[in-house]
Amino acid sequence: MCDLLAHPERTAILSEKPRFSWIVPLTLPGDLQTAYQIRVYRANSKAPLWDSGKAASDQSVAVPFLGSSLPAGESYTWEVRTWNKAGSASGWSEKQSFRTASPRTPPSLSEPLLHTVARYPLVQETRTPSRVLPLQPGSVFLDWGKAAFAALTLTLSGGSAGDETVTVHIGEAVDASGQHVNRKPGGSVRYHKAELTLQPGIHDYVVPLREADKRRMPPEIGAVMPFRYVEIEGLHAPLIARDAHQVAAYYPFDDRAARFMSSDQTLNEVWALCHHTIKATTFCGLYVDGDRERLPYEADAYINQLGHYACDREFTLARYTHEFLIRQPTWPTEWFLQSVLLAWHDYLYTGDPTSMGAFYTDIAAKTLKALARAGGLISTTEPLVPEAIRQELYHSPKTRRIEDIVDWPPVERDGYEMLPINTVVNAFHYAALERMSRIAGVLGKREEAASFADQAAKVKQAINTKLFDPKTGLYIDGEGSAHSSLHANFFPLALGVVPDERRAAVAKFVVGKGMACSVYGAQFLLEGLYEAGQGNEALALMTAKHDRGWYHMIHEVGTTIALEAWDAKYKPNLDWNHAWGAAPANIIPRYLMGIEPLEAGFRRVRIRPQPGSLRHAEMLLPTIRGPIRMTLDNSPSSILMEVRLPANMTADIWLPIAGSNAVSVMMNGKAQKGKRVENFFIVESVGGGSHRLEYRRK
């Protein structure tokens, strides 16, 4: 990769001093890179422009170019070789081409931001329908199997008169018969009717869409709308599958980069829904909230970012979107705070500090530390956010004033009492301060790291004293409240606010409430349950068959992209294409399978599965260092885990051993001396290669 681009030849990098990343070849069990050598060439030149020489280092991600700045508008190639732990050199990699961007003109009004990362152009995929159903004479119904943001092209035959018309109905939903496009789907579910005047003979037609369907789309792509079904009336000749094309637009995406399969068919369907959602909703080249607004929002971007990392070895779209939002933020209080979480996860998954270094001051302002009262807690209502602070946040007076949101729509707040000192807001404030401390530390800002850490500790203590009811053992909605909502408890649980001695009681309350939150809240509800060791309960929520679950979206609503809300009865204007409804895309790999980076760029990883009642699961997870493959077989009498790690990565593997007293764990046929923590047996510092861990419960 060059500046996180696996295919830099498709665009132009923005940096004069790029960073290089590569996958280290696995040549020995537990292999580690001990040195590397990079050569950079001008295009068509045989002599290196820059040669790093043999650098004794295990760094294989975000390695900086240390030569003279590369002039803009020129083409280059680079190659790398590595030395393994035995000191043997690899061959040189294939050369990768890249070019530097031409000198940039002043930012335009439509996109007024500077970025540290380039974007790929959008791509288009032409798909024929999976089902063609003739109806009455002259009519046909088409089904593509999955919805996509796309244009529609048709090859039709017109009579000699040249004035015949056909009517085309395009939509996301069908009526009760399942054989007609729903003309009145309600809410923001899409339906469009178009008329085509046919010319004599056989011709190709692009079905005209609304002018609004061009929003945020580059001219070379044009208008797209989300649809799965098409119905055509007034045909004068039979239509077959190859005559109709859904021309889907999306950001370059590798469908094979990630895979999940398990013994639970519902969970498999949920994963497939969320995986497709992540791909389909990249159609703008920027994470947006769906079709209705087509606007980027920080909370949507955070869930989208985590899901995208789990589905593809692709990092540029998440970074580009976050950098866009830094200077063009939205209005909810928690969304500003989530900007810090976006920045931290960008670094954690890429190992590249470029973005958080370039925007450090802006990201620090998003902690809302400037609003802190004497006790550390913040409020955006008493008083309102001062103008000077709003300017630091780039909050425009033309937008809605900064307001606490907790959950959206408001009906999903479980009766939350909105007070000036808000528990959910301050839980996010704590998390933002804690992550900001880490960011400052990585960038060598020691005093600021210590200051943010001290403030985070102060906020955590204040929440645990002022916003906690010792009589009930639960967190209240805000200062002065007597009400303990689901949200006031699962957000602190997910965001690290709840001390160990309180986790069991809070988790029990959260479990008892079920899915009393929105699809957005579900991200943090599931995180909170897994953080509290409630994996079986979290699995039950992901596979539930009531109307607050993904099964309902798939089988009862009929969508193939995640919904904005659980159902229209909870949000009448919902749309059918919201990536913030796809939390399982990241929850399954991060928590159920338990694969998370401990050190930036997956230098060190923790694998801590919580399969619950799941009997079998397998995962292929892309990382910047290469794919992690994992299989888990879980029975009442034994557990077997097979893991394949790429080179230059080490893992701490936590084998779930709940219900066992005496434990004998075997890895690759040898008994292990690990340590036991709660319901896990931990084998530390496992290196690259294939490993088989197993034990039998006694």
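Visitor: Where is arginine 242 found?
Guide: Arginine 242 sits in the loop that links strand E13 (225-233) to strand E14 (244-250). Helices (H or I, at least four residues) and strands (E, at least two) are DSSP runs, numbered from the N terminus. This is a predicted model, where local features need pLDDT of at least 70 and side-chain atom pairs pLDDT 80 or more, while totals for chains, interfaces and linings use all residues. Residues are numbered from 1 along each chain as its sequence is written, and side-chain values use heavy atoms, without hydrogens or water.

Visitor: Is arginine 242 buried or exposed?
Guide: Exposed, because its relative accessible area is 63% (exposed means over 50%, buried under 20%, partly exposed in between, with a 1.4 Å probe and protein chains only).

Visitor: And how far apart are arginine 242 and leucine 154?
Guide: In sequence, 88 residues separate arginine 242 from leucine 154, yet their C-alpha atoms are 8.9 Å apart in space.

Visitor: New topic: where should I look for asparagine 577?
Guide: Look in the loop between helix H14 (550-557) and helix H15 (584-592).

Visitor: Why does asparagine 577 count as buried?
Guide: Because its relative accessibility is 0%.

Visitor: What does the side chain of asparagine 577 make a polar contact with?
Guide: With the side chain of glutamate 172, at 3.0 Å (a polar contact pairs N or O atoms within 3.5 Å; within protein, one must be able to donate a hydrogen and the other to accept it, and residues adjacent in sequence count only if both atoms are side-chain atoms). A polar atom of the asparagine 577 side chain also lies 2.8 Å from the backbone nitrogen of aspartate 291.

Visitor: Which other residues is asparagine 577 in contact with?
Guide: Beyond its neighbours within four places in sequence, the contacts (heavy atoms within 4.5 Å) include Phe149, Pro226, Thr281, Asp289 and Gly290. Ile561 and Ala562 are among them too.

Visitor: Back to H14, then. Which residues are buried in H14?
Guide: Trp550, Tyr551, His552 and Met553 are buried there. Their cover includes helix H1 (265-280), helix H12 (519-531), helix H13 (535-542) and H15.

Visitor: What follows H14?
Guide: Glycine 558, with a positive phi near 95°.

Visitor: How many residues are in the largest nonpolar core?
Guide: It has 189 residues, and Ile38, Trp550 and Ile595 have the most contacts inside it. A nonpolar core is a set of buried Ala, Val, Leu, Ile, Met, Phe, Trp, Tyr and Cys residues joined through side-chain atoms within 4.5 Å. Another core lies apart from that one, with 26 residues, including Ala194, Val207, Leu209 and Val230.

Visitor: Let me stay with tryptophan 550. What is tryptophan 550 in contact with?
Guide: Leaving out neighbours within four places in sequence, its partners include Val270, Leu273, Cys274, Met515, Ala522 and Leu526. Leu541, Met542, Trp566, Gly581, Ala583 and Pro584 also touch tryptophan 550.

Visitor: One last stop: where is aspartate 352?
Guide: Aspartate 352 belongs to the loop between helix H4 (333-350) and helix H5 (354-358).

Visitor: Is aspartate 352 buried or exposed?
Guide: Buried, because the relative accessibility of aspartate 352 is 3%. Setting aside neighbours within four places in sequence, aspartate 352 is in contact with Leu4, Arg19, Ala62, Arg319, Asp346 and Tyr347.
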